[in-house]
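Here is a short report on a protein model.

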Amino acid sequence: MTVPSPRRADRVTQVRRWQLAQAARHVKAGGIIAYPTEAVYGLGCDPRDGAAVLRLLALKQRPLAKGLILIAARFEDLQPYVTALPAETRSKVRKTWPGPVTWLLPARPEVPYWLRGSHAVLAVRVTAHPLAAALCRACGGVLVSTSANISNRPPARTALAVRRCFGADVDYVISGTLGGLDKPTPIIDARSGRVVRAT
């Protein structure tokens, strides 16, 4: 096994920091980025930017009514989007985070329709994927995260596949390794325990 030299490791770290800064710059300017997640490449943007979210939905050809997933590096960053949970529910959710489980939690009344669609709940996850988590931190805490594909087509699993699918319509693609899941994360309704999407 070859161990990278400290100098090479420093260069890799500098490149990664530069990529994160570039991705964050695009997000803050209203752009759409692509990045690796637990199972597939995701498309993301600033969840507070309605124009960016609507552009992303149009790019995917995804109906507005379906709603979107938000990811964060910390549970606290999601709190402006979801209502306070009963202690038992909160404990159940937090036991799975950071980790590859997406939960449907009651949305705050002020959460815009472009995030929750026609639902009273919001899909959220505290990701354990190191690059996705670092990207959330670089972008200010929370990112939209939806699979990088045209709706009802297979999601991209590489940066090259993202470019082949969307070309220049995606403003920045950050390359990296997927998290090892074969399928996108399960989605569970925190109130009922119903599995909305299985692995």
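## Cysteines

The sulfur of Cys45 lies 10 Å from the closest cysteine sulfur, that of Cys139, which is too far for a bond. Cys139 has its closest cysteine sulfur in Cys136, at 7.2 Å, again too far for a bond. A search of the whole structure finds zero disulfides (a disulfide is a pair of cysteine sulfur atoms within 2.5 Å).

Cys45 is buried, at 0% relative accessible area. Cys139 is also buried, at 5%. Buried means under 20% relative accessible area, with a 1.4 Å probe and protein chains only.

## Basis of the model

This is a predicted model: local features need pLDDT of at least 70, side-chain atom pairs count only at pLDDT 80 or more, and totals for chains, interfaces and linings use all residues. Residues are numbered from 1 along each chain as its sequence is written, and side-chain values use heavy atoms, leaving out hydrogens and water.

Strand 3 (residues 69–72) pairs with strand 6 in the antiparallel sense over three bridges; pairing takes at least two DSSP bridges. Leu70 stands opposite Val144 in strand 6.

## Arg125

Arg125 lies in strand 5 (residues 121–126). Arg125 counts as buried, because its relative accessibility is 4%.

Methods. Helix = DSSP H or I, 4+ residues; strand = E, 2+ residues; numbered from the N terminus. Buried < 20%, exposed > 50% of the residue type's maximum accessible area, 1.4 Å probe, protein only.
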